[in-house]
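Me: I would like to learn how to read a structure like this one, feature by feature. Could you give me the general idea each time and then the case in hand?

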Amino acid sequence: MPNITKHRRFVATAVVVALGATTLAACGGSDDDSEAQSGPAKLTYWTWTPGMDKVVDLWNKGPGKEQQITVTVKKQASGDTLVTKILTAHKAGKGPDLVQAEYQALPTLVSNDAVADIADEAGDAKSKFADGVWQQTTLGSDAVYAIPQDIGPMMFYYRDDLFKKYDLTVPKTWDEFAETARKLKKEDADVDLTTFSANDSGLFAGLAQQAGAEWWTTEGQKWKVGIDDAATQKVADFWGGLVKEGAIDNQPMYTPAWNKALNTGKQIAWVSAVWAPGTLTTAAPDTQGKWKVAPLPQWSSSENTTGSWGGSSTAVTTDSKNKGAAAKFAAWLNTDPEALTALAKEGGIYPAATTAQTSDAFTEPPAFFSNQADFYTTASEIAKTTAPSAWGPNVNVAYTTFKDAFGAAAKDKSDFGAALKSMQDDTVADMKKQGFEVAE
Amino acid sequence: MTSARRKSYGVKGAPYAFLFPATILFALFFALPIGYAVWLSLHKVQVKGLGLGSGARQEVWAGVENYTDALTDSELLAGALRVLGYGAIVVPVMLGLALVFALMLDSDKVRLAPFTRLAIFLPYAVPGVVAALLWGFLYLPDVSPFYFVLERLGLPQPDLLDGGGLYAALSNIAIWGGTGFNMIVIYTSLQAIPAEVYEAAKLDGATPLQIALKIKIPMVAPSLVLTFFFSIIATLQVFSEPTTLKPLTNSVSTTWSPLMKVHRDAFGEGDIYSAAAGAVIIAVATLVLSFGFLRAANSRNKRYDSQGAAR
């Protein structure tokens, strides 16, 4: 007996020691961090924003020089490709200090423990952003996983000259949108109002958001997946109906054929986001000055909301040895007026920081919209109406299933509701497979 | 005594010493990555609760779960069937053309042979992605000069990026790119046939067609087997052509071919474990099919040889 007691005590002591060691190790870790912050820091930053190196130069020659924090830009491919790259680098323990991440990728990155909580270092950054934007970087918790950089409020783009030619009015509701598409088909069977494209899931996600969809929510310690909810069904049925009756085209966008259709007036409108001028400049160069922008059509005339398509943030990785320094840079990059002006000019981004949206950089319309002097005033008004978004830890899976299921449905002009259901089922199945708790 | 022992030791060890560098390289760059892929395919990620924050995600043993998932996934099977359909067009047409071109180039009457040889071979030098892009633009009705001509002539305009047309379109890219290479392989072995054989045949009064059918083709059979073998492997691993055409059409899904599914699992959905399992399955299927074919071809050759010897 005494032997057993002794043995137990030994085990207990061992456990306590082990726990103590972990705690000490944890303390040691954070000590290292704060120590590193005071000395000179060299940070690497993975981003796809064009011209970012010039913006970072401002930091390296200004506030960065004072605080001895030097940032180096490593240009990357955008979107999903970068997420994979970040996760792979993180697995190898060789991640950069800072990464650009789209909002919908943040839960995936957080779930893989790739980005760090910078709530303590983020300071008063929160006050610079709209609540709906900021909430995407906290995932509804007290943590702060990134500083918002740019947003992509959705807007309706149309060929002003051709709308006049075909005697169309700018649709204010989706019903009017459908009527406009049908009327145009009657006027000229070769011309489409727009296309339903299944090759960019962000567009559909934004449209669902506008209708009030919340694809991922949490209930206690469980995820709830609402991809197949009533709001999204409404959106899917609407577009599926238009494709089925042939009122709009069903070919993917960003193809040479799509560019040509926009450039020659075979497609005369595009449901897009604030960054559309950049895309139109390259896709339809001959139509400069012929487009106009309007708010997105609404589900009922009393509503005034929009979704977002795209937009990204700056996150600090868990691999960074200088998290404090990295967080300081991220905050500067996305809240400092000088940095934001440079980002807008060099990178062509539409800033998430609300004050920057009406700054000097945005008094003139983009060159492609020289005919619409109030382009950015309209944009900032629309941005205020952005519906909140709810992302989950496997947006990538939902997005790839969207491309396949909706691509096939658009091609066959079949039921979009069934495609939506397979998107929901695949997403839930993947979460369960990974072991997430999913509420039915 | 000592010197003798050293000597015998040296002789025994010599082969191993010579093998050592190759073994190390084989282990490091072949066995180890394969082993790691197999190891990955037997694991999966397990998260707790919401899966947020550190330590919520860990790698656990999955057994054969990834394999059963992959094998019961209808998309993998559908992809395999699509690839078989594609291969049923590509392999016979490509090898048939290659053989015909090789025989024609080998004939005495051909003019400008070096130029023609180069012209047929040249597409092989064009990278697969570039070839797919090039053809993809030609397949798109709104930008293709072919469709422009067809429209002007009032001829029907087939949709090459959908349904059966898609198979023809994809096969065309592979045939365009691969015929030249296979032709060179067959042509080289035709050149190796000694002139006496032809002389004897001519003296016996064989026509050029008879020479081609009864002498040349049987004598280049080993090259035909080899090119067939390569073509099967290339077909099973088709990836870059459909991937390059994918953004142009809704008809090519992210899981069109089995290899594309592996790519989607790894880089679209971030699930390297399922991707590893898929890769292992494709590798095994490729091995079984290609070596099965080689064995069948070899045993047929042996039977042929022994029959010849008996005669």
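**Reading salt bridges, a sheet and a surface patch**

Reply: Let us begin with a single side chain: Lys54(A) is partly exposed, with a relative accessible area of 49%. Please keep in mind throughout that this is a predicted model.

Me: Which side chain does Lys54(A) meet in a salt bridge?

Reply: The general idea is that side chains of opposite charge can pair when their charged atoms come close. Here Lys54(A) meets Glu346(A), with 3.7 Å from N to O. The pair links distant parts of the chain, since Lys54(A) belongs to helix H2 (residues 52-61) of chain A and Glu346(A) to helix H14 (residues 337-347) of chain A, 292 residues apart. Glu346(A) is likewise partly exposed, its relative accessible area being 35%.

Me: How many salt bridges does a search of the whole structure find?

Reply: Over all chains, the search finds 22 salt bridges. Some of them form a network, in which Asp73(B), Lys261(B), Arg264(B), Asp265(B) and Glu269(B) are linked.

Me: Why does the pair of Lys433(A) and Asp69(B) join two chains?

Reply: The pair joins two chains because Lys433(A) lies in helix H17 of chain A, whereas Asp69(B) lies in helix H2 (residues 65-72) of chain B. In this salt bridge the closest N and O atoms are 3.9 Å apart, and a salt bridge is counted when such atoms are within 4 Å. Lys433(A) is partly exposed at a relative accessible area of 24%, and Asp69(B) is partly exposed too, at 33% relative accessibility.

Me: Where does Asp271(B) lie, given that its side chain meets that of Lys433(A) in a salt bridge?

Reply: Asp271(B) lies in the loop between helix H12 (258-268) and H13 of chain B, and Lys433(A) lies in helix H17 of chain A, so this pair also joins two chains. The N to O distance is 3.4 Å.

Me: Is Asp271(B) buried or exposed?

Reply: Asp271(B) counts as buried because its relative accessibility is 16%, and the cut-off for buried is under 20%.

Me: How should I read the sheet that contains S5, S6 and S10 of chain A?

Reply: In general, strands of a sheet pair through backbone hydrogen bonds, either parallel or antiparallel. In this case the sheet is open, has three strands in the order S5-S6-S10 (chain A), and shows mixed pairing. Strand S5 (216-219) and strand S10 (438-439) of chain A are its edge strands, each pairing on one side only. S5(A) pairs with strand S6 (residues 222-225) of chain A in the antiparallel sense, over four bridges; as one example, Thr217(A) has Lys224(A) in S6(A) as its bridge partner. Helix H17 (residues 416-434) of chain A packs on the sheet, where it touches S5, S6 and S10 of chain A, and the direction of the helix makes about 165° with that of S6(A).

Me: Which residues make the nonpolar surface patch of about 650 Å²?

Reply: The patch is made by Phe20(B), Ile24(B), Leu25(B), Leu28(B), Phe29(B) and Leu32(B). To take one of these residues, Phe29(B) has its place in helix H1 (residues 2-41) of chain B, and Phe29(B) is exposed, with a relative accessible area of 62%.

Me: What separates the C-alpha atoms of Asn298(B) and Val225(B)?

Reply: Those C-alpha atoms are separated by 9.3 Å, while the two residues are 73 residues apart along the chain. Asn298(B) lies in helix H13 (residues 272-310) of chain B and is partly exposed, with a relative accessible area of 43%.

Definitions and conventions. Residues are numbered from 1 along each chain as its sequence is written. Chains are lettered from A and ligands numbered from 1 in the order in which they are written. This is a predicted model: local features need pLDDT of at least 70, side-chain atom pairs count only at pLDDT 80 or more; totals for chains, interfaces and linings use all residues. Side-chain values use heavy atoms; hydrogens and water are left out. Two strands pair if DSSP finds at least two bridges between them. Contact means heavy atoms within 4.5 Å. Axes are lines fitted to C-alpha atoms, for helices over the stretch in contact, and angles run from 0 to 180 degrees between N-to-C directions. Patches are made of residues with over 30% relative accessible area and no salt bridge: like charges are joined within 9 Å, nonpolar side chains (Val, Leu, Ile, Met, Phe, Trp, Tyr) within 5 Å. Accessible areas come from the Shrake-Rupley method with a 1.4 Å probe; for residues, only the protein chains shown count as cover. Buried means under 20% relative accessible area, exposed over 50%, partly exposed in between (1.4 Å probe, protein chains only).
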